[in-house]
Amino acid sequence: MQQFDLIVVGGGPGGYVAAIRAAQLGFKTALVEKQHLGGVCLNWGCIPTKALLRGADVAHTLKEAAHFGFAFDNLSFDINKLVAHSRNVANKLSQGIAYLMKKNGIAVIDGSARVAAKGELEVTLNGKASRYKADHIILATGARARNLPNIAIDGKRVWGAREAMTPTALPERLLVIGAGAIGVEFASLYSDLGSSVTLVEAVERITPAEDAEISALAAKAFSKRGITVLTNTLVDALDSSGEDTIALLKGPDGEQRLSVDQVILAVGISGNIEQLGLESLAVATERGFIKTDGFGKTNLVGLYAIGDVAGPPWLAHKASHEAVICVEKIAGVDGVKPLNKDRVPGCTYCRPQIASVGLTEAQAKSAGHEVRIGRFNLNANGKSLAINEAEGLVKTVFDSQTGELLGAHMIGPEVTEQIQGFGIAQQLEATEHELMHTVFAHPTVSESMHESVLDSLGLAIHQ
Amino acid sequence: MSAQIKPINMPKWGMEMAEGDINSWHVEIGAQVNAGDDLVDVETSKIVNTVTATNSGILRAIVGQPGDTLAVGALLGVLADANTSDADIQAFIASHTAAAAPAESSTPAEKSSTPAEKSSPPAAAQATTAAPAPAKADTKPNAPDAMSKLAAGADDSGVAASPVARRLAAEYGVNLNNISATGRHGRVSKRDLDAAVSAAGGQLIGAHTASSSHAPRYPDDSTVKATPVARRLARDLGINLHQCRVSGDRGRVCKADVEAAAALHNKLQAKPSSTATEVAVEEAFELQAMSGMRKTIAARLQASKQTAPHFRVQIDAELDALLAVRKQLNDANTNAKISVNDFIVKACASALTRVPAINVQFDGEQVKYFRDADISVAVAIDEGLITPIVKQANSKGLIAISNEVRDLATRAKLNRLKPNEFQGGSFCISNLGMFGIKQFDAIINPPQGAILAVGAGEQRPVVKNGQLAVATVVSLTLSSDHRIIDGAVAAQFMSVLKGYLEQPATMLG
């Protein structure tokens, strides 16, 4: 039986980072992957959707070309070319991971893994099973799209994220069920590309994980773009037997029937915990995810779990960070601390973009903080007006006693690239004082971050 | 202006370290060093380890010369900036030397100020050398005669000598067969060589000043309020935050304050150090210098075999009952993956408590009888082997021992053990069972008194009540130091150990 010091199961942004960090520290390391190095993130998630969303940006720019004086005829669009761009990017990055594995001397084992015993893995490929031993096994098997009891992804009329990012034709009428990050990104993408989109959410607002004010602005921007947003609405039944797919929607104003060509189901994810042999070894799970301590350790000796399979937030960068923490803890690196989940930023790449870090106003208050709130609207920001995208808000939440930045919430152009400024401020435990005395360049969208901080003390200059 | 003069002192690695031998310096006088750089290899009775810089600066003087044995805390060298005058450096060394008692009984005549005449081509940086070159000792009239006697003799390549002594002997043209050895592990030391050369009226190459401890110039600055950038910069530049003015927000030392302090002390300049390169010769083998760990293993085990009269007692133990208990424990506890070796650690701990005469360290004069069983477990790693310690194994349960051994072994392979995790121990276990080895003898890990060698647990035919039967059997061999452990005691220990292994429930008591 082949023996390693440490084996990682799953080659996504949690798994491959864990393997590289382990190899750097001197572990004899292997990584088991059943399909694609890079996992969902690189192959079927973060990266390919961003490639498609770039196409949506181009579509949007073309639509408003007239505003800037351009006029043209015979505009055409071939969705297959956009999908090809997205797939090329994914393939390129996946090959990059293979190179990184090789460079770091990590053995890549193809196949599906099962924890056969304590410190032992069985990897099956094409019906042939091999066993491997390791004192430390890290599960980073990720998660997959969840189905509803009455609606399941079938790859035809009902798409999951994977089918939604490899369309062969643009659906004319699209229903998106679920308005979390994935749902709103697809709603935004297809709306910009030309589909007529209805977005349905069961709770009272879209992007329910974000601050309520941000959700409200997102809903307003979506409605203005022509996306039909229905909140507090359930899809009671879906009939795809006829030519049209008929959705029976139950909302605050009663029932309605909606005829669409395509449905995207994006109602959350569940952890890939099956077929891993966890039950027979009594590995503790909770609501479909593996239970771990702050360092990824499970209740089974020598077994660890990181990333999506170990619970929310389901973000690639959280998985990568947990990977490093888990491996360094095993290696006894000094000063390793558990991940502070309040400092994990979240980004949603709809138009306008949404980005946040830390507590929402409501979360901060329910945690017992006395808060001071800063707000700055992008319609008073010169750069936002200049690029004709002056819809948006920067909201900051400070503890009024200590001045600690508890949370920051942004909606607007390229805010996903700006949130890091607040992330660094939080990590350094900066107060509003340091942020006020930091010089923000002009003209930038990020000046609004500064103004929002100033506004928390009633000192905003431009509003 | 002694604020920017930083001493390099002999560190204390582990409770028992009182002194260390200087092996070799990694940097030359005049070279710029940064905090964390390797400075000098020091050998103790247990390990060869490298002293790293805690400050940055230019190495202005080397006080501890290769071959010297110096006490913990003794001054090894001096770091300072380029602008510090040689006189200040001398005064600094003098102030430390005056306060310190010499760590060894070298005669004053052997001592003089610092620098090494033998150090390679004078670099420009050596203009800053701390002290003038020592006056060369006058050669006595009869010196050539006496020295030529020292040079005569048969091939001395087999004589045990420290690397420094061997190199110096070549420079003096002295045959090591003519030198009486008093060094560690019975080797010819630099001191032996110097004594012989002095006695013969020869001229000493390089001399040194031994000196000792000294207190830091500034108190710990970890509580000084500073911005993160300022704290990092200060550390990198070797600036103590107490040295800095405070002009940052809310009374914090900011980056500008540290830079101002650094500018004041001219800390910002750097000088690359040059290293000599050797011409590689194509050979039919790969020549590798011994690693520090290899040297330590070589020296300690050679000394053990040479000084400790080993005797061995061997016993077989049946493991079937133990294997059944192991399965029960592992099946019942998700947090347990107990190996047979973990049981042996636990059984040894129990047996050492019953037969404390085995649970000892011996330094050649006195025997230490330990209250707790601190069991060293030999772990093979790429560079050699290391023996992390399960401390107080007698008061730990099997699951705790098992998880501790796994953690220690993991970190041993990554070279991440702390010195106190592998230095010491009252007993040692070496297990080669995983390779299918049936039985072997181990060399005692000094200063311990005994070591247990564990073979593979395997099914063997046994005779019970006149009937042939099959049992899982392991062969255990204890090597003991007969100076302090007698045959009957070793036999008693092995019989008790066998009892614990064959009836594991008795370990619970």
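Trainee: Hi! What should I know before I start on this model?

Mentor: It is a predicted model, where local features need pLDDT of at least 70 and side-chain atom pairs count only at pLDDT 80 or more, while totals for chains, interfaces and linings use all residues. Residues are numbered from 1 along each chain as its sequence is written, and chains are lettered from A and ligands numbered from 1 in the order in which they are written.

Trainee: Okay, which domains does chain A have?

Mentor: The assignment gives domain 1 (2-145 + 270-341), domain 2 (158-267) and domain 3 (352-455). Those bounds come from an automatic or database domain assignment. The C-alpha centres of domain 1 of chain A and domain 3 of chain A are 31 Å apart.

Trainee: And how many helices and strands are in chain A?

Mentor: Chain A has 13 helices and 24 strands. Both are DSSP runs numbered from the N terminus: helices are H or I with at least four residues, strands are E with at least two. The radius of gyration of chain A is 23 Å, close to the 23 Å from the globule rule for 463 residues, so chain A is as compact as a globular protein of that length. That radius is taken over C-alpha atoms, and the rule is 2.2 Å times the number of residues to the power 0.38.

Trainee: What does its C-alpha trace span?

Mentor: Along the principal axes, the C-alpha trace of chain A spans about 70 × 60 × 45 Å. Of the 463 residues in chain A, 48% are buried. Buried means 20 or more other C-beta atoms within 10 Å of the residue's own, exposed means 12 or fewer, and partly exposed is in between, with C-beta atoms placed from the backbone.

Trainee: Where are the most-contacted residues of the largest nonpolar core?

Mentor: That core has 187 residues, and A:Leu199 and B:Cys348 have the most contacts inside it. Helix H8 (residues 316-331) of chain A gives the most to this core, with nine residues. A nonpolar core is a set of buried Ala, Val, Leu, Ile, Met, Phe, Trp, Tyr and Cys residues joined through C-beta atoms within 7 Å.

Trainee: Which residues does A:Val229 touch?

Mentor: Leaving aside neighbours within four places in sequence, A:Val229 is in contact with A:Leu199, A:Ile206, A:Ala219, A:Phe222 and A:Ser223. A:Val229 is found in strand E11 (residues 228-230) of chain A.

Trainee: Why does A:Val229 count as buried?

Mentor: Because A:Val229 has 22 other C-beta atoms within 10 Å.

Trainee: Last one: how is strand E16 of chain B covered?

Mentor: Strand E16 (residues 427-431) of chain B is mostly covered, with five of its five residues buried. B:Phe427, B:Ile429 and B:Asn431 point one way, and B:Cys428 and B:Ser430 the other. In a regular strand, side chains alternate between the two faces of the sheet.

Trainee: What does E16(B) pair with?

Mentor: E16(B) pairs in the parallel sense with strand E12 (residues 375-377) of chain B over three bridges, and with strand E17 (residues 450-454) of chain B, also parallel, over four bridges. Pairing requires that DSSP finds at least two bridges between the strands. B:Ile429 is the bridge partner of B:Val377 and stands opposite B:Leu452 in E17(B).

Terms used
Two residues are in contact if their C-beta atoms, placed from the backbone, lie within 7 Å.
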